[in-house]
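Please look at the structure below together with the report that follows.

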There are 2 protein chains.
Amino acid sequence: MDIVKYKPIGVVHSPFKGGGGIPRQAAGAPDVAAQIEIFNEYIEGLTDLDGFSHIVVIFHLHLVQKGSLKACPPWDHKEHGVFATCSPYRPNAIALSVVRLESIERKILNISSVDMADGTPVLDIKPYIPDLNPTKAIRVGWLEGKIKDMNKSKSGER
Amino acid sequence: MDIVKYKPIGVVHSPFKGGGGIPRQAAGAPDVAAQIEIFNEYIEGLTDLDGFSHIVVIFHLHLVQKGSLKACPPWDHKEHGVFATCSPYRPNAIALSVVRLESIERKILNISSVDMADGTPVLDIKPYIPDLNPTKAIRVGWLEGKIKDMNKSKSGER
């Protein structure tokens, strides 16, 4: 199949300058504030976004050099298929986070609950609509009972 | 910023052969069944995925020719910034759906609640973990009170 190409629509400015110490989940970093700077040509697309309390950010994990088909979370010590994990070391270094949208100042989105490194290229932003999420008969496989450990974990920790 | 490139890890086989008639949201299509065929080189990454009832599928909207910065949902009749909508006509034609994972047979994921066209390139699969989603103080802006209309809508309808 053809290679898929995307042009970043913006960039993250965050306190996480390197690869280490980044929360592994947005939900585990409620107090972390950051900005998304939307590039000038896309500002018009932000109209009405300020009515939403949370947004889904799709971004490229630009610090990841190489993917893997297996992942071993530091708080689990067992190897899993990468598609059954949130590991950043995936065949395509693509990630999504639901973050809180605090305010919008023209091209700057002030966000909190952030797990993104400084300089992260942003590919898309969508409104977060919890009513679309499934709520019945959910099973979370090997993660059952381990969500709290996952939220406490940061990158670079083993 | 540099162009971001991804190589599809799989392809969707679904009953929606063209651009019309596709449910606009996975949540609006609980009875629609489809398959994701994972390409051979990525099969190892599926290990342990079968424990999850739902998965997040990130995919490329390959039928979309051109993006726009404004979108006018057919059930709303008002224009909004595209990042405040789920319109497929976005600067980057990238989408995500939470679908039900019915079973896995080697390289085939049998899924339901599907809003993807046949032939859709799949970029990534992640486990769906509802405990990571925000639940407090949610506002959904212009979509308030309109979620049901959105779920009933299909592509090509005006």
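## Strands that pair across the chains

Strand β1 (residues 4–6) of chain A pairs with β1(B) in the antiparallel sense, over three bridges, where strands are DSSP runs of E with at least two residues, numbered from the N terminus, and two strands pair if DSSP finds at least two bridges between them. Within this pairing, Tyr6(A) stands opposite Val4(B). This is a predicted model, in which local features need pLDDT of at least 70 and side-chain atom pairs count only at pLDDT 80 or more, while totals for chains, interfaces and linings use all residues. Residues are numbered from 1 along each chain as its sequence is written, and chains are lettered from A and ligands numbered from 1 in the order in which they are written.

Lys5(B) lies in strand β1 of chain B. Lys5(B) is exposed because it has 11 other C-beta atoms within 10 Å; the scale used here calls a residue buried at 20 or more other C-beta atoms within 10 Å of its own, exposed at 12 or fewer, and partly exposed in between, with C-beta atoms placed from the backbone. Leaving aside neighbours within four places in sequence, Lys5(B) is in contact with Ile3(A) and Lys5(A), a contact being two C-beta atoms, placed from the backbone, that lie within 7 Å.

## How the two copies are related

## The side of chain B that touches chain A

In the interface, 59 residues of chain B are in contact with 59 residues of chain A. At least two residues of the side of chain B that touches chain A come from each of β1 (4–6), β4, β6 (80–81), β7 (94–105) and β9 (121–127) of chain B, and β9(B) gives the most, with six residues. The residues of this side divide into 36 nonpolar, 12 polar and 11 charged, where Ala, Val, Leu, Ile, Met, Phe, Trp, Tyr, Cys and Pro count as nonpolar, Asp, Glu, Lys and Arg as charged, and the others, Gly among them, as polar. Since 100% of the interface residues of chain B are also interface residues in chain A, the copies meet through the same surface.

## The barrels

In chain B, six strands close into a barrel in the order β2-β3-β8-β7-β4-β9, with antiparallel pairing. Neighbouring strands of this sheet are turned by 45° against each other on average, direction ignored, the axes being lines fitted to C-alpha atoms. Strand β2 (residues 10–13) of chain B is joined to β3(B) by four bridges, and Val11(B) stands opposite Glu37(B) there. Five bridges join β3(B) to strand β8 (residues 108–112) of chain B, with Ala33(B) opposite Ser112(B). A further five bridges join β7(B) to β8(B), and here Glu105(B) stands opposite Ile108(B).

In chain A, strand β4 (residues 54–60) and strand β9 (residues 121–127) run antiparallel and are joined by five bridges, with Val122(A) as the bridge partner of Phe59(A).

## The nonpolar core

The largest nonpolar core has 73 residues, and those with the most contacts inside it are Val122(A), Val57(B) and Val122(B); such a core is a set of buried Ala, Val, Leu, Ile, Met, Phe, Trp, Tyr and Cys residues joined through C-beta atoms within 7 Å. The largest share of this core, five residues, comes from β7(B). Leaving aside neighbours within four places in sequence, the contacts of Val122(A) include Pro8(A), Val12(A), Ile36(A), Val57(A) and Phe59(A).

## A loop residue of chain B

Glu44(B) has its place in the loop between β3 (33–38) and β4 (54–60) of chain B. Glu44(B) counts as partly exposed because it has 14 C-beta neighbours inside 10 Å. Not counting residues up to four places away in sequence, Glu44(B) touches Leu69(A), Lys70(A) and Gly81(A). Glu44(B) and Ile22(B) are 22 residues apart in sequence and 31 Å apart in space, C-alpha to C-alpha.

Note on methods. Axes are lines fitted to C-alpha atoms, for helices over the stretch in contact, and angles run from 0 to 180 degrees between N-to-C directions.
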